[in-house]
Amino acid sequence: MPAKMRALLVHNNFGVQGGAEVFFHEIGRLLEAHGHDVAKFSCAEEGLDAPYAEDFPEVSHYADGGILAKAVRVPSIIYNRDARDKMAKVIAEFRPDIVHGFAIYGRLTPAVLDAAKDAQVPVVLSCNDYKHICPNYKLFHHGRVCEDCKAGQFINAVKNRCCHNSLPVSAASALEAYVHAGMDIWRKNVDRFLFASQFMASKTEEFWGEGRIQLDFLQNPFDASAHHVEPNAGQSILYFGRLIEEKGVGHLIEAARLRPDVHVTIVGDGPDRTQIERASAQLDNVRFVGPAWGDDLKQHLFEARAVVVPSLWHENFPYVILQAFAAGKPVIGSRRGGIPELVESGPHGWLYEAEQVDQLAEVMAGVCAQKDAKILEMGDKARRYVAATFNDDAIFAQLSRIYAEVIQ
């Protein structure tokens, strides 16, 4: 990689809404900390003060407005010509050595990759979900893991109404997938696809064909020290995160019902909050807290014996696991997606078969029966693992190697 490089980072959102935006900005921070020039390209946001912000395209969310507004917007969610042209302008002004894309579908769209290719700028793309192979980006809908769209059978997204349980949204997403596949717009424009988990990389090759893309691995930088919690064996099994079907919180409550001797604390918010809160109230051993952040969340972590990640969908790289490890808490995780790659049975936690409620119940009971010294030992190993693996130096070494190889 050049001693001083110019990188253009591209993502739908500039303001932080979740882990994807944190990743986008953290990569920029890492590059700047090592003396490289960074520019960012996103959709326009009110009051945004950033270099090139005047060139960011105005893009409405597809879900906004009525049926007519959605229909009019369909072409731009598939291929946004305005975003492509404004991206081309920023490239001409900034003259990057490399473009690093993140989540760009639906708003900026892969049209911005055409701008990079036209300017002969190499492109890497970080895939944080399954949108490149799945119209609803989760490989999951209506309570089940789904691969119905494999081999380009995107019509199944319409049949399943898998996108927001909506026929119009599912139809638009299927059309988007058909057009992108027909243009081969991802593979023709991306020099290297980057994944945080082996699982997502393997699943991509399973859908697209082994050896048909250049792939590599780039994890999220993570400051473990910011999430430190004083060592404590704790008593409860803690869930914290979004309350939505694919996260498996309903299964966690059913497991707690089977083992009334296991105390469970649930922290979070989301579309299933009312349902989760009502079910929790029926059990003496389940405490529903609602959302918590900062020091309040750290207090719940301090009181926890372990953190549970009962996901039903194929999680890619759950940020919650890194938070738990940094707090010195081992993790109980389902065997889905990238979870097993982080939660090694033994050193850092325990794994169980997703959807097996009785197995989850027994694992939780076994964790509670462990001696405090063993829990503390596993928590210490988890803390050391996350601090050593995801620190700035380790992630920048991955990033600089990838950039250097692609630029050369």
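Reader: Is Leu30 buried or exposed, and what is its relative accessible area?
Author: This is a predicted model, in which local features need pLDDT of at least 70, side-chain atom pairs count only at pLDDT 80 or more, and totals for chains, interfaces and linings use all residues. Residues are numbered from 1 along each chain as its sequence is written, and side-chain values use heavy atoms, with hydrogens and water left out. A residue is called buried under 20% relative accessible area, exposed over 50% and partly exposed in between, with a 1.4 Å probe and protein chains only. By that rule Leu30 counts as buried, because its relative accessible area is 0%.

Reader: In which helix is the place of Leu30, and with which residues is Leu30 in contact, leaving aside its neighbours within four places in sequence?
Author: Helices are DSSP runs of H or I with at least four residues, strands are runs of E with at least two, and both are numbered from the N terminus. Leu30 belongs to helix H1, residues 19-33. With contact meaning heavy atoms within 4.5 Å, and with neighbours within four places in sequence left aside, the partners of Leu30 are Pro221, Asp392, Ile395 and Phe396.

Reader: How many helices and strands are there in the chain, and what percentage of its residues is buried?
Author: The chain holds 16 helices and 14 strands. Of its 408 residues, the buried ones make up 56%.

Reader: Why does the radius of gyration agree with a compact globule?
Author: The radius is taken over C-alpha atoms, and the globule rule is 2.2 Å times the number of residues to the power 0.38. For 408 residues a compact globule would have a radius of gyration near 22 Å, and the chain agrees because its own value is 22 Å.

Reader: How many aromatic pairs does a search of the whole structure find, and which parts does the pair of Phe193 and Trp208 tie together?
Author: Rings of Phe, Tyr and Trp (its six-membered ring) pair if their centres lie within 6.5 Å, and planes under 30 degrees apart count as stacked, over 60 as edge-to-face and the rest as tilted. The search of the whole structure finds 13 aromatic pairs, among them Phe193 and Trp208, which are edge-to-face at 5.5 Å centre to centre with 70° between the planes. Because Phe193 lies in strand S7 (residues 192-195) and Trp208 in helix H8 (residues 198-208), parts 15 residues apart in sequence are tied together, namely S7 and H8.
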